[in-house]
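Welcome, and please open the model in your viewer with the sequence beside it. We will go from stop to stop, selecting a few residues each time.

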Amino acid sequence: MKRKQVFEFFRRLAEANPSPTTELESSNPYQLLVAVVLSAQATDASVNIACRPLFGRIKTPRQMVGFGEESLRDAIKTIGLFNTKAKNVIALSQALIDHHGGEVPRTRDELQALPGVGRKTANVVLNTAFGEETFAVDTHVFRVCNRTGLAPGKNVDEVEAKLEKIVPQPFRRDAHHWLILHGRYTCKARLPECWRCPVIDLCRYQPKTMDPTSRPARSASRASSKARTAKARTVSKPKASRSRSRPNRLP
Ligand code: SF4
């Protein structure tokens, strides 16, 4: 995608949603870090449901360690991989107390040194909690970047490196939120909703999908073809039964 088109791509996403942010609920950087760790291979909605009551009483690493692994496991048991995640959250909370005075560190290296924190989690925390221009590449961002031709890459690291290079100001800070939300609600994995996509003319994906409600003629013809097949089947049955019955009538 050319530089002008990249600018226009983000300009349109920004126009549609001027203040994008994460859908994970939290009230401080520590809770955000925990929510992002819990959201691996789980939906933000499922994390929010489990975390609402949890975050009502746990706001600091010290409180989390006091809460304990068993209680945490029980509190997040509706989220996938809850055993490992509970272990990691307790361990990362202890590490925050031991090495960072109970605060969430602001550098990628320090974040990635915490149990259960990978590059994507570090990028989300740096961006959302501390306003850094980072590009967290999750499954939605990866798909959108490849489908559209915005920042194609064989793996998340390649896509992230391309985004770093091509996303212009003033869109760098919010770019990853726009891409996640675009992938989650419009450029969906199984059926991208191209017919209502604000960047349809900039995207290289083919063939574009059509609005299902604007295809009555096709469904009608499919229905009538089904009816024809059904009729053909009903018509052919007596023939088969005639041929089977013939031998009985023969002398
Ligand atoms: S046109 Fe379709 S494939 Fe391209 S970004 Fe929009 S929804 Fe995705």
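**Start at the tail**

Two residues are in contact if their C-beta atoms, placed from the backbone, lie within 7 Å. This is a predicted model, in which local features need pLDDT of at least 70 and side-chain atom pairs count only at pLDDT 80 or more, while totals for chains, interfaces and linings use all residues. Residues are numbered from 1 along each chain as its sequence is written.

**The whole protein**

Now show everything as a cartoon. The protein has a mean pLDDT of 88, with 85% of its residues at 70 or more. You will find 12 helices and 0 strands; helices (H or I, at least four residues) and strands (E, at least two) are DSSP runs, numbered from the N terminus. Of the 251 residues, 30% are buried. A residue is buried if 20 or more other C-beta atoms lie within 10 Å of its own, exposed if 12 or fewer, and partly exposed in between, with C-beta atoms placed from the backbone.

**Into the core**

Next, select Leu33, Val37, Leu38, Val89, Val125, Val141 and Cys145. They touch the most other members of the largest nonpolar core, which has 51 residues. Such a core is a set of buried Ala, Val, Leu, Ile, Met, Phe, Trp, Tyr and Cys residues joined through C-beta atoms within 7 Å. Which element gives the largest share of this core? That is α2, with 8 residues. Zoom in on Val125: leaving aside neighbours within four places in sequence, its contacts are Pro29, Leu32, Leu33, Val36, Val104 and Leu111.

**Three helices together**

Colour α9 (139-148), where Val141, Phe142, Val144, Cys145 and Thr148 are buried. These residues pack against α10 and α11. Just past the end of α9, Gly149 has a positive phi of about 90 degrees.

Move on to α10 (residues 156-166) and pick its buried residues Val159, Glu160 and Leu163. Looking down the axis of α10, you see them within an arc of 100 degrees, so they line one face of the helix; the arc is that of the directions from the helix axis to the C-beta atoms. An α-helix has 3.6 residues a turn, so residues three or four places apart point the same way. Turn to the face away from the buried side of α10 to find the exposed Asp157 and Lys165.

Then select α11 (175-185). Why is α11 described as largely enclosed by the rest of the structure? Because 9 of its 11 residues are buried. What covers those buried residues includes α1, α8, α9 and α10.

**A stop in the loop**

Between α10 and α11, select Phe171 in the loop. Phe171 counts as partly exposed because it has 17 C-beta neighbours inside 10 Å. Beyond four places in sequence, Phe171 is in contact with Phe10 and Ala14.

**Last stop: the ligand**

Finally, centre on the ligand and show the 13 residues around it, of which Cys187, Cys194, Cys197, Cys203 and Tyr205 come nearest. A residue is near a molecule if its C-beta atom, placed from the backbone, lies within 6 Å of it.

Definitions and conventions:
pLDDT = per-residue confidence, 0-100.
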